[in-house]
Amino acid sequence: MLLRYLAYTLATIWLIHSFWPEHAHAQQSPPPVSQCQAIAEATPKATFVSVTPPGATLAAAADSEVDITYLGHSTFLIETPGGISIATDYNGWFRPPAPPTVVTMNKAHSSHYTLAPDTAIRHVLHGWGEDGEAADHDLVVGDAYIRNVTTDIRSGYGGSELNGNSIFIFEVAGLCIGHLGHLHYELDDSHYRQIGRLDVLMVPVDGGLTMGAESMSRVVSRLRAALILPMHRPPLIDDFLAMFGDGFDKSFATGATVKVSLRSLPSKPLIYVLKGM
């Protein structure tokens with residue numbers, strides 16, 4: 001956790017030094033660049049979305065909390081410090097109390113999307129593209145930056161559909177939060193490079209509807225997130241947990257919500273099973 005905080009601190013100091021205020025006129029609206037990728041790859045001269053303007057403290061940024069609530073199946077509600085709400089793999093069945101600002105969806109099964117979302121939802125992000133094109137999202141909403149990394153899915157008769165699933169990544173309050181969606185195949189090096197650093201990982205547990213526990217455990221280990229939140233098929237959680245040794249802590253929450261900040265991330269990877277899962 002200390003390394004993650006130091007990386008965020010250095011990145012933010014670089015941004016302030018390079019872009020505030022003397023470069024403000026030269027670069028009014030820089031395109032969003034992932035801090036999760038930039039820090040992971042040590043990319044020079046990157047403009048990060050999560051900023052700490054002069055007058056604010058790095059400690060305050062590190063203490064900013066994101067609320068993550070498990071609603072059911074693969075739907076989590078992410079609530080940012082700035083009041084943005086995001087529902088993952090939204091199917092219309094597991095709804096938060098109020099319409100979220102953003103919903104993400106994946107097409108592998110109808111339990112991961114709806115073609116008739118609430119009209120009050122401002123942004124509906126499909127994890128699949130149209131006409132054979134891959135989905136490509138780079139959206140800044142309030143204090144959140146949302147992007148995606150596409151993966152293939154299984155299709156009928158043993159075939160595959162290219163780019164039918166998206167791993168959505170939410171960057172907020174210095175945190176990198178990833179949702180694997182309905183992941184059918186193990187990731188390759190290109191996927192890991194596109195994803196970058198993850199602090200929080202939402203991972204499907206289902207014994208093979210997505211991937212088997214052993215394959216999924218390899219993906220989780222490679223992504224090295226500090227906080228792992230299982231989802232999808234609650235009855236199979238014990239089989240999933242059994243795949244991880246002493247390098248991971250495991251805990252069952254008494255509630256459906258966890259508050260996360262950059263500073264509060266566990267120093268040892270924690271698989272945290274929220275209530276309802």
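Mentor: Start with a strand pair: β1 and strand β13 (residues 257-260) run antiparallel and are joined by four bridges. Two strands count as paired if DSSP finds at least two bridges between them. Helices (H or I, at least four residues) and strands (E, at least two) are DSSP runs, numbered from the N terminus. The model is predicted: local features need pLDDT of at least 70 and side-chain atom pairs pLDDT 80 or more, while totals for chains, interfaces and linings use all residues. Residues are numbered from 1 along each chain as its sequence is written, and side-chain values use heavy atoms, with hydrogens and water left out.

Trainee: Which residue in β13 stands opposite Val66?

Mentor: Val260 does. β1 also pairs with strand β2 (residues 75-79), again antiparallel, through five bridges. There, Asp67 has Glu79 as its bridge partner.

Trainee: What lies between β1 and β2?

Mentor: Two residues, which makes the pair a hairpin; His73 in the turn has a positive phi of about 55°.

Trainee: Is β1 mostly covered or mostly open?

Mentor: Buried means under 20% relative accessible area, exposed over 50%, and partly exposed in between, with a 1.4 Å probe and protein chains only. In a regular strand the side chains alternate between the two faces of the sheet. In β1 (residues 66-72), six of the seven residues are buried. For the chain of 277 residues, 50% count as buried.

Trainee: Which strands does β8 pair with?

Mentor: Strand β8 (residues 160-172) runs antiparallel to strand β7 (residues 144-154), with nine bridges; one of the pairs is Arg147 with Ile169. Five bridges join β8 to strand β9 (residues 175-179), also antiparallel, and Val172 is partnered by Leu175. The hairpin of β8 and β9 has two residues between the strands, and Ala173 there takes a positive phi near 55°.

Trainee: Which residues touch the most other members of the largest nonpolar core?

Mentor: Nonpolar side chains tend to be buried together in soluble globular proteins. A nonpolar core is a set of buried Ala, Val, Leu, Ile, Met, Phe, Trp, Tyr and Cys residues joined through side-chain atoms within 4.5 Å. The largest one has 63 residues, and Ile68, Ile177, Leu180, Leu229 and Phe240 touch the most other members. Leaving aside residues up to four places away in sequence, Ile177 touches, among others, Val66, Ile68, Phe168 and Met202; contact means heavy atoms within 4.5 Å. A second, separate core of six residues includes Tyr90 and Trp128.
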